[in-house]
Amino acid sequence: MTTRLLLGNEALAQGALDAGLSAAYAYPGTPSTEITEHILHSAQVRRGEVTCAWTANEKTALEAALGASYAGRRAMASMKHVGLNVAADPFVNAAIAGAHGGLIVNVADDPSMHSSQNEQDSRVYLDLSLVPCIEPADQQEAYRAPAHAFGLSERHRIPVMIRLTTRLAHSRATVATAPACPQNPFSLPADPRRYILLPALARQSYDRLVALQSTLVRESEQGPFTAYADGPDRSLGIVACGIAYGYALELLGEPCPHPILKIGQYPLPEAHLDRIASSCKRLLVLEEGFPYVEAKLRGLPARARPIVHGRLTGHVPRTGELTPDAVAHALGLPPSPTRAASTTPAPRPPALCPGCPHADTCRALSEAIGPRPAGGVVFSDIGCYTLGALPPYAAIDTCVEMGASITMAKGAAAAGLHPAVALIGDSTFTHSGLTGLLDCVREAADVTIVIVDNLTVAMTGGQPSAAESRIVPICAGLGIAPERIRVIEPHPKQHAENVRVLREEIDRPEPSVIVARRECIQTARRRARGERSGAKERT
Amino acid sequence: MTRNVILAGVGGQGLLALAAIIAEAARLIGLHLRQAEVHGMAQRGGVVQSHLRYADQPLHANLIRMGTANLLLALEPMEALRYVAYLAPDGAVVANTAPMAGIPDYPPLETILAELSALPQHRLVDAAALAREAGSPQAANMVLLGAGSAFLGLPEDALAASIRAQFETKGHAVVETNFAAFRLGVAAANGPT
């Protein structure tokens with residue numbers, strides 16, 4: 001047995017490689033990116049034994065993994081929490097069609113929104129899909145989770161979610177690794193008709209999925225990610241999910257003086273919940289994200305119901321990630337003596353790098369359309385250029401979700417806004433902008449779409465962009481008139497010319513696309529140093 | 001023995017490499033270890049911080065409780081001040097005095113340094129100048145490591161092995177520059193401040 005210093009994400013990836021992974025697909029997104037980076041840079045991928053690829057978006061990633069599973073292989077798709085919204089259609093329906101080779105969906109939630117627009121809890125999707133889930137409590141469990149999840153998936157022919165949160169995904173610990181086991185051979189499902197979700201067949205598959213739930217509950221109860229430890233002081237029982245278990249142990253010490261139920265596998269281990277609920281006067285629920293378990297405990301029949309405290313009762317803050325201090329407060333522990341925080345430091349918000357091409361595009365766009373709102377609205381999107389919302393640029397007016405810039409601009413234009421401008425990055429465009437652009441063409445929308453093409457997925461560390469410098473033919477192929485596709489170089493030297501081009505296209509009534517193309521200075525610098533992209537800067 | 005170390009700086013200063021070097025040194029001598037860091041949007045030229053914990057018994061939490069850090073190691077003076085509430089009553093702050101002032105409302109440096117100097121245990125070193133003296137402006141993180149090494153509770157040979165492991169792919173000269181920066185940091189922390 002060897003030990004390695006690994007991030008939670010890297011431990012999960014290594015665990016999958018050592019558990020016979022054959023195929024991994026993902027769209028980069030913080031805090032999930034390093035799962036796929038680790039696999040991409042593994043010896044198995046270098047030797048051509050494991051397939052690993054960045055895909056156009058999370059939906060295509062999960063569908064490709066589903067296909068690999070159909071062919072008998074152990075496969076996984078990885079994404080951040082909001083990526084699961086994009087992949088929700090294959091996720092929910094793959095649960096009904098099922099898995100053949102082990103199929104894992106890794107989802108990294110981002111409570112506190114360190115690098116996200118919301119803090120949705122992926123466990124809510126478990127209720128929607130009836131999919132089981134492993135939630136590792138530490139890096140060692142993150143390493144063990146894929147082997148267990150692949151087994152569970154193959155035993156019950158069902159996809160399995162592995163849920164991480166930011167502080168496990170992005171924290172290192174020493175991890176003991178085991179020798180790698182061989183991959184599954186190619187094989188096709190013996191019962192392929194379950195993959196045909198025609199209503200008559202889907203009803204049968206759905207009945208099977210529903211009937212499977214009690215078995216999955218027993219799997220959770222008996223599995224290695226669930227633990228129940230009795231404690232002498234039954235005035236309080238603790239229910240702790242994932243990394244919350246670590247905070248509780250750190251603060252209360254081992255053995256825990258109170259009964260404590262560690263939850264690391266879903267559907268919930270009902271027998272253990274019944275036991276702790278019936279043996280304690282009061283329960284404290286500690287979980288990252290939503291009050292998911294807490295709400296279910298509050299729904300117990302009245303006679304079995306203890307007092308349940310957690311996020312819904314304010315004993316734990318309703319929003320934001322758990323911290324040792326928040327958990328200590330919830331446990332009623334005295335605060336440690338703390339020096340007053342200094343009021344001197346000024347905020348230091350993230351910013352575009354000096355020399356970033358997006359900065360030049362933002363300046364040109366602001367000058368071209370003039371002061372808001374009389375000058376129009378710039379609907380923008382997810383990426384480094386979202387920082388164009390901050391001073392000194394204040395160049396964009398919206399950022400909602402991947403691809404929304406183009407379609408919101410189109411809707412606002414039809415509702416009377418002029419000029420309606422969209423600002424979207426090259427990779428966000430291929431992720432979720434193509435279909436919206438097709439809508440613009442079909443409706444001859446009066447929109448101006450600026451695609452900031454820095455030739456990479458910059459915000460997550462410089463993964464290759466699926467656009468691969470083909471933005472112009474892609475837009476032409478979708479039906480934008482060739483003369484309405486303009487390519488500019490976002491550079492201070494070109495500022496006056498760029499403002500002129502932007503104004504011209506804004507004045508045109510038909511849809512036009514301006515491709516502002518200059519390589520990200522970070523990837524250009526790395527390329528000059530001969531480093532592999534996305535390897536150095538973990539974002 | 002449990003050590004809680006808060007590392008603070010600004011994106012691009014080499015803070016995560018510094019954290020990785022200390023973590024690897026702790027791993028080399030068989031300690032249990034947790035190290036949390038910030039990636040993504042928050043890293044883009046903004047604040048970067050890391051929680052590093054090591055101990056001779058198992059650790060369960062990735063994050064450090066307020067008021068319990070033994071050491072605050074900061075590559076930037078204002079960023080050091082941002083985290084003083086994490087310091088234990090007898091905790092030490094070791095900070096670079098060279099500011100990264102690329103924001104509109106950067107407070108007066110003398111105010112910052114006066115507040116840091118009022119803390120019971122402090123070592124303030126001009127890591128930027130000492131890194132240049134060592135031969136590389138990028139080695140400020142190794143100057144700071146040297147300046148803080150007395151508070152880390154790790155043997156110097158473990159730190160040296162970890163520094164070597166971090167830089168050896170870049171060649172002998174880079175390793176030696178970083179060792180020189182480390183030694184200048186040790187000397188600066190021991191000298192008059």
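Tutor: Before we start, one definition: domain bounds come from an automatic or database domain assignment. Keep in mind, too, that this is a predicted model.

Student: Which domains does the domain assignment of chain A give?

Tutor: Happy to go through them. Domain 1 covers 2-222 in chain A.

Student: How many residues of domain 1 of chain A are in contact with domain 3 of chain A?

Tutor: The centres of these two domains, taken over C-alpha atoms, are separated by 34 Å. On the side of domain 1 that touches domain 3, the residues divide into six nonpolar, five polar and no charged. Domain 3 puts in 11 residues, and the number from domain 1 is 11.

Student: Which strands stand at the edges of the seven-strand open sheet in chain A?

Tutor: The order is E3-E2-E4-E5-E7-E6-E12, with mixed pairing. An edge strand here has a single partner strand, so one side of it is left without a neighbour in the sheet. That applies to E3 (51-54) and E12 (265-266) of chain A.

Student: Within that sheet, do E6 and E7 of chain A run parallel or antiparallel?

Tutor: Two bridges join E6(A), residues 133-134, to E7(A), residues 160-165. A:Cys133 stands opposite A:Met161 in E7(A). The two strands run parallel.

Student: Which strands does helix H4 of chain A lie across?

Tutor: H4(A) spans residues 58-70 and runs at about 170 degrees to E4(A). The strands it lies across are E2 (21-26), E4 (74-80) and E5 (103-109) of chain A.

Student: Turning to the contact between the chains, which element supplies the largest share of the side of chain B that touches chain A?

Tutor: The contact takes 41 residues from chain B and 40 from chain A. Among the elements of chain B that each supply at least two residues are H1, E5 (87-96) and H3 (109-117). The largest share, five residues, comes from E2(B).

Student: What joins E8 of chain A to E2(B)?

Tutor: E8(A), residues 171-177, and E2(B) run antiparallel. A:Ser171 stands opposite B:Ala36 in E2(B). What joins the strands is three bridges.

Definitions and conventions. Residues are numbered from 1 along each chain as its sequence is written. Chains are lettered from A and ligands numbered from 1 in the order in which they are written. This is a predicted model: local features need pLDDT of at least 70, side-chain atom pairs count only at pLDDT 80 or more; totals for chains, interfaces and linings use all residues. Two residues are in contact if their C-beta atoms, placed from the backbone, lie within 7 Å. Helices (H or I, at least four residues) and strands (E, at least two) are DSSP runs, numbered from the N terminus. Two strands pair if DSSP finds at least two bridges between them. Ala, Val, Leu, Ile, Met, Phe, Trp, Tyr, Cys and Pro count as nonpolar, Asp, Glu, Lys and Arg as charged, and the others, Gly among them, as polar. Axes are lines fitted to C-alpha atoms, for helices over the stretch in contact, and angles run from 0 to 180 degrees between N-to-C directions.
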